[in-house]
Amino acid sequence: MKSVKAVRFGYKPTQETRELLSTFRMMVNHAINIALEEKIKGRLRLRDRIYKEFNERYSAVTCYPYSVAEVAWSIVKKHRRWHRKPVAEGLMLKMDSASYSLNYGILSLPNRKGQRLLIPLKYGDWQRSFLMDASLKRGSVTMTEFTIVIAFSREAKEIEPVRKIGYDLNHKSVVGSDGTRIVLSKVARLHTEYGVRRSEFYERHSNDRRLKQKFSGSRRERERIKQTLNVISKQVVEKALRNREAIVLERLKGIRKAHMKGNGMGRGSRRRANLWPFRLLQQQISNKAAWAGVQVEFVDPRNTSKECSRCHYINKKLKVTERSWLCPECGCQLDRDLNAAVNIERRGKIPCLPMVQAGARGMDEAVKGNEAMTAPILLAEAPKLGNSGRSR
Ligand SMILES: [Zn+2]
């Protein structure tokens, strides 16, 4: 199983790096225009078309037209959906692994013919571990005004799990079917609420460039939320690695039924955007898991919190506000999130090694998990994972 990790480095921008970046942007925009004017279909055709001309015109080394075509084509493709004239706005440069070299923390990029630009990377211990690890393969380099991202890849050996753990992700906590509970603090919830409002704004005005620019100052905030989610996803994956667990999550897809009219929630909370922190968390969990060789499965999210994890009765009338599950059919009582997590786990189909009982875990164990929740892990900096009440 090949797994890729993008590692971010800092660097000191110089006149030369800025020039290189703006030349690259100029080339990308030039390539975009050619693609549109000549109705070129496909990245490779675009590359063949610009290759010779660009090498002469920009006195660029051969590798540039390749990446220019790649970046330009991805912009053209994206904008076809947006019905707006495509243009590369930000300063960005991409280079494949064959074109650059990296030794002793110094990145060497081809600049003009016969010249190379040497850029010392800034890094901490975490980034250093990637530079030092000879077993990792280096992929593309993406350079922006202040950062350089290098893709590292490895062949991760998939771990055969001895059990599955389902996780219910909601706006207050992350609850595992084994009773693991990561509680998100109030302070942090507020921060995300802000982030969510903002992301709703983005969705609504994604075509308005002026407004978008005005509101793009939230980078720090989003970065903060990302970091908090990073802590959570790390905990989930490290636990899985330690205990040889497979992770089962709900498949989040577009607008869910629960977010539609008539569920007692406001209009704002039904927006598709309110899934974004969940999506990010899912992404982080699956990325980290893939890197570690931990298996992740996404299952059908329908009725996971309305179904009884013991008798499978479905209580359609369950309200968002009810925090505990009381089954009208078999009378079983359980924390709402834990009930959902057990349902999620059950829907998982990843085969587990038979030595430990997985899958068919009964109520006893679930209730035991419930007790474990009296001592939850509290993440002081953890944000709320959505706005007012994610339900299903
Ligand atoms: Zn029941």
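In what order do the seven strands of the open sheet stand, and is their pairing parallel or antiparallel? The order is β2-β6-β7-β1-β5-β4-β3, and the pairing is antiparallel. This is a predicted model, in which local features need pLDDT of at least 70, side-chain atom pairs count only at pLDDT 80 or more, and totals for chains, interfaces and linings use all residues. Residues are numbered from 1 along each chain as its sequence is written.

Helices (H or I, at least four residues) and strands (E, at least two) are DSSP runs, numbered from the N terminus; strands pair if DSSP finds at least two bridges between them. Because β2 and β3 each have a single partner strand at the edges of the sheet, one side of each is left without a neighbour there. Neighbouring strands are turned by 35 degrees against each other on average, direction ignored. Two bridges join the antiparallel strands β1 and β5, and Y11 has L121 in β5 as its bridge partner.

| Element | Residues |
|---|---|
| Strand β1 | residues 2–11 |
| Strand β5 | residues 116–122 |
| Helix α1 | residues 15–37 |
| Helix α2 | residues 43–57 |

Helix α1 lies across β2, β5 and β6, running at about 110 degrees to β5. Axes are lines fitted to C-alpha atoms, for helices over the stretch in contact, and angles run from 0 to 180 degrees between N-to-C directions. Contact requires C-beta atoms, placed from the backbone, to lie within 7 Å. M27, A31, I34 and A35 in α1 meet L46, R49, I50 and F54 in α2. The axes of α1 and α2 come within 11 Å and cross at roughly 130 degrees.

Conventions: Contact = placed C-beta atoms within 7 Å.
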